[in-house]
Amino acid sequence: MSDPFGRDAQELIRREFGDVLTLLERIPSSIDPDEALSLVGWMLKSNEPPGELLRTDPLEELRDLFRFYALLGALAFSPYGIEAEFVKKATAKLYRARIERKGSLEGSLLKIEPTEGIPERDRKILERAMDRSLPEDEREKLKLKYRMHLSEFLELWEGSLKEVYVRKGYAYLRWDEALKLWEMAFERRFDKAVSLLADVRDELPEFYEELKEKLEELAGEYFKERLEKLGKVGAKPLRFDLFPPCVKEALKGVPAGMRNYAITVLLTSFLSYARICPNPPRKDVRVKDCVSDLRVIEEEILPVIIEAGNRCKPPLFEDQPHEIKNIWYHLGFGLTDKPTLEDSGNSTWYFPPNCDKIRANAPQLCKPDRYCRGVKNPLTYYLRRLAREERSETGEGGEEGG
Ligand code: SF4
């Protein structure tokens, strides 16, 4: 299978299992964790996937999909960690190499069509058909191989429209351009799939948690140098400059009707998870699972929440002093204003609301920027930007755009 998100693969999953969750239930009885790891383990030894992973046997297509979806299932337990980055990088390389070998993007997730409708004169110019000195491989590279509807194309393309031939609502693509777009589409679909699976991870068999532990070791080994440069992974001081627009709006203070939602619901959950538990190990995590005393909340998180509350019109905590108890309640300590660490777990530690909830409850807060594209929760926005920033700090390529 040359694209596990492609139309052919999706059709196979639908036909054999109905949906991805049923597929994930079936996987543990069909392969063991090491077999899934073989799809990505080569990254520790080589930059290019080994030949045996490029030759795919049509009879083994399902098994091949099992391996990929097993890895996705494991990432549901660490959707934003280095494991996800490691698997995404390895699988993007592997499937790209398979597509190159096959020489066709048909059946992939990219919504392309064979080219048609190019006036002969334009084609000759664009493909330099009259240039007899052009070597055959160069000539091949210049061929306009596919066309893509502009609405789909603009979702992915980050360059200028002047760089491609556009005609009657379609962008025409050479092989290398189409491959690059496929890679971007693959990475987006990968992020989306992992974050959807994270929402249902409590329903997944234990197999995936075990696999995640093994992936953690591989990814730790692969990113060893970066981790050494950055120190401990996980909880870190907050980077306000990388916050999503909705959180920045809430920090500025908001009018009366939105105060409780912006401060107590959004800021409290966002700041606490972003600061002390960016990768919650499970859904019902408590503050005491992530920190050993309350200082980080009292000294770093609460002052920011109170300051934002004071900027509201009228100031939230002057108007409603009992709202402080509600903040602790949303942090999982029950309704109190003098909590101890042991109280954590007395109520639910609320996870940041998804973007659609924010738009429904406080539409004025959502002012999406280019990094919001494809993001469904403000915490994802922040963690993605943080990861890109860290890559740039360690010289591995930084903010590559939205
Ligand atoms: S799209 Fe989501 S992250 Fe971006 S501003 Fe809106 S609510 Fe915030």
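Predicted model: local features only at pLDDT ≥ 70, side-chain atom pairs only at ≥ 80, totals over all residues.
Residues are numbered from 1 along each chain as its sequence is written, and side-chain values use heavy atoms, without hydrogens and water. Local features need pLDDT of at least 70 and side-chain atom pairs count only at pLDDT 80 or more, while totals for chains, interfaces and linings use all residues.

The protein is divided into domain 1 (7-102 + 183-227), domain 2 (112-181) and domain 3 (232-393), with bounds from an automatic or database domain assignment. For residues 238-372, an unreviewed UniProt entry lists "domain: DNA primase large subunit C-terminal"; such annotations may be inferred rather than shown by experiment.

An open antiparallel sheet is formed by 4 strands in the order E1-E2-E4-E3. Strands are DSSP runs of at least two residues (E) and helices of at least four (H or I); two strands pair if DSSP finds at least two bridges between them. Strands E1 (112-114) and E3 (165-167) form the edges. Strand E3 is joined to strand E4 (residues 170-174) by 3 bridges, and Arg-167 has Tyr-170 of E4 as its bridge partner.

The C-alpha centres of domain 1 and domain 3 are 31 Å apart. Their contact (heavy atoms within 4.5 Å) takes 16 residues from domain 1 and 13 residues from domain 3. About 1300 Å² is buried between these two domains, 45% of it on carbon and sulfur atoms; buried area is the accessible area (1.4 Å probe) lost on putting two parts together, summed over both. Across this interface 1 salt bridge is found, defined as a side-chain nitrogen of Lys or Arg within 4 Å of a carboxyl oxygen of Asp or Glu. Asp-191 forms a salt bridge with Arg-384, with the closest N and O atoms 3.8 Å apart.
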